Amino acid sequence: MSGNSHDASKPIRIGISSCLLGQEVRFDGGHKRDSFLTDTLGPQVEWVPVCPEVEIGLGIPREPVRLVRAADDAIRMVTTSTGVDHTETMARWAIARLEELAREDLCGYVLKKDSPSCGMEYVKTYSSGGTAERNGRGLFAAALMRRFPSLPVEEEGRLADPRIREDFIERVFAYARQKGRTPSACGPSEARSRRASASGGGAPRALRDDDRPRPERAQYRSVPVTVVGRPDRGIAGSTRDLAAVEEPLEVRLHGKPFAVIMRTPGEDRALAAGFLLSEGVVRTADDIGAVEHCRHPDRPDGHNVVDVYLLGESRTSLETLLADRRNVLTNSSCGLCGRVTIESLKTRASALPVSWTMTTSVAAGLPQRLRERQRVFDGTGGLHAAGLFTPDGICETSAEDVGRHNAVDKVIGAMVLDDRLPIASHALAVSGRASFEIVQKAWLAGIGLVCAVSAPSSLAIDLAEDAGITLLGFARGGGFNVYSHPARLPEL
Ligand code: SF4
């Protein structure tokens, strides 16, 4: 985040809202100690506590503050009874404090939910009439996330979900590993502020990003699921599960379509900037004028469209870039995968008929049978695998690769070379999660059942439903969840 490389011999440092560590800094002199953070995660990391309200001098105890939407639509932070406005004080302090934090070698940040200073999302904002809507972000949290757009940030409330917790910890450790290897830690926000101060003013309004707190897009959603083989957990049959949301993000250059990225919503601007860096479109933050979500009134899906405005050499070569350009479908774990637009993401193949079935015990055993063929994984512990299985659970072919999509391509490609498409009576087992693209590959190959060791994304579930594919997730420990078309498992 500061450009410092992380010293692997030192514990990972994570910023945190002080009250979550048990520090008595809240407006009423209390705290919000979180035992997972203090007792479980705490011994493995070094916390860097920050209490914005105390640090701007509001004292303990103090009159509480809240977010209020002013007549000009700006968000102000004011005290609840006396109406004292602390917005400017907080903003000035945050600029300086964040520069200090940039030197703290942070690899993540945990924020206190619902706080008008620290809340990451869905913080209450009040109208002048006193009506509250949960659509805000704490002022310090907003400044933090603008200043460090790729820093893993979570709230303690969301960390109560084991999958979000696991994902956050993974992101923190991945961030720590990557520190010092990123070509430039400079984000577009930094570049923008540097340019603004150099020119003595901000960018033109049309190019300026929206700094108002705005509701985040959901990163997971509740889906119906049939649970099989989990008697130990006391759950079975129809229930609901949470699926990570996967949606297309269209990246535009100066309003013209350039690429499509499959992603979980959130940090879209950072994602677009990083994508353009890896594509060679930009080389430094100075090549980026602005990155902003589309707000055209005719685009209700504008949250899935990001416009990027280029500067300098990149701007000069814009027309060449666009002329040469193919639309690229990428996935967060696999890099470049195809050349399609949002409109053409779903293939036009027919839904697959139920022409064969499998017993639940064979289905539950697929991950273990795949694991037995992961010879490279045995040596490295780090490869994804895919395998094609007959309805009796016999593995016809399997492959390993650093990219799970590559592993799927290899097993399907082997069948293509044998002239055996469509693969109409085989199940595909994959060692990781089931993304949109894995289901799409299965559909195009005619594979009617996909079994993933980890979670499916929301878009994978939608596509499996359309494709007539039986989609199994969390296939481990002798059980699995069924997300679509259970007819291939007649015992259900
Ligand atoms: S939520 Fe933030 S501002 Fe409020 S007490 Fe906790 S650390 Fe301080």
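I started at the ligand: by class, its shell has five nonpolar, four polar and three charged residues. I count Ala, Val, Leu, Ile, Met, Phe, Trp, Tyr, Cys and Pro as nonpolar, Asp, Glu, Lys and Arg as charged, and the others, Gly among them, as polar. This is a predicted model, where local features need pLDDT of at least 70, side-chain atom pairs count only at pLDDT 80 or more, and totals for chains, interfaces and linings use all residues. I number residues from 1 along each chain as its sequence is written.

Around the ligand I listed Ser17, Ser18, Cys19, Val25, Arg26, Cys51, Pro52, Glu53, Lys112, Ser115, Ser117 and Cys118.

Next, I looked up helices H13 (residues 436-445) and H14 (residues 458-467), which pack at an angle of about 20° with axes 8 Å apart. Helices are DSSP runs (H or I, at least four residues), numbered from the N terminus. Axes are lines fitted to C-alpha atoms over the stretch in contact, and angles run from 0 to 180 degrees between N-to-C directions. H13 and H14 are therefore roughly parallel to each other (angles under 35 degrees count as such).
H13 brings Phe436, Ile438, Val439, Gln440 and Trp443 to the contact, and H14 brings Leu459, Ala460, Leu463, Ala464 and Ala467. Contact means C-beta atoms, placed from the backbone, within 7 Å.

Key
Helix = DSSP H or I, 4+ residues; strand = E, 2+ residues; numbered from the N terminus. Parallel < 35°, antiparallel > 145°, perpendicular 65-115°, else oblique. Contact = placed C-beta atoms within 7 Å. Near = placed C-beta within 6 Å.
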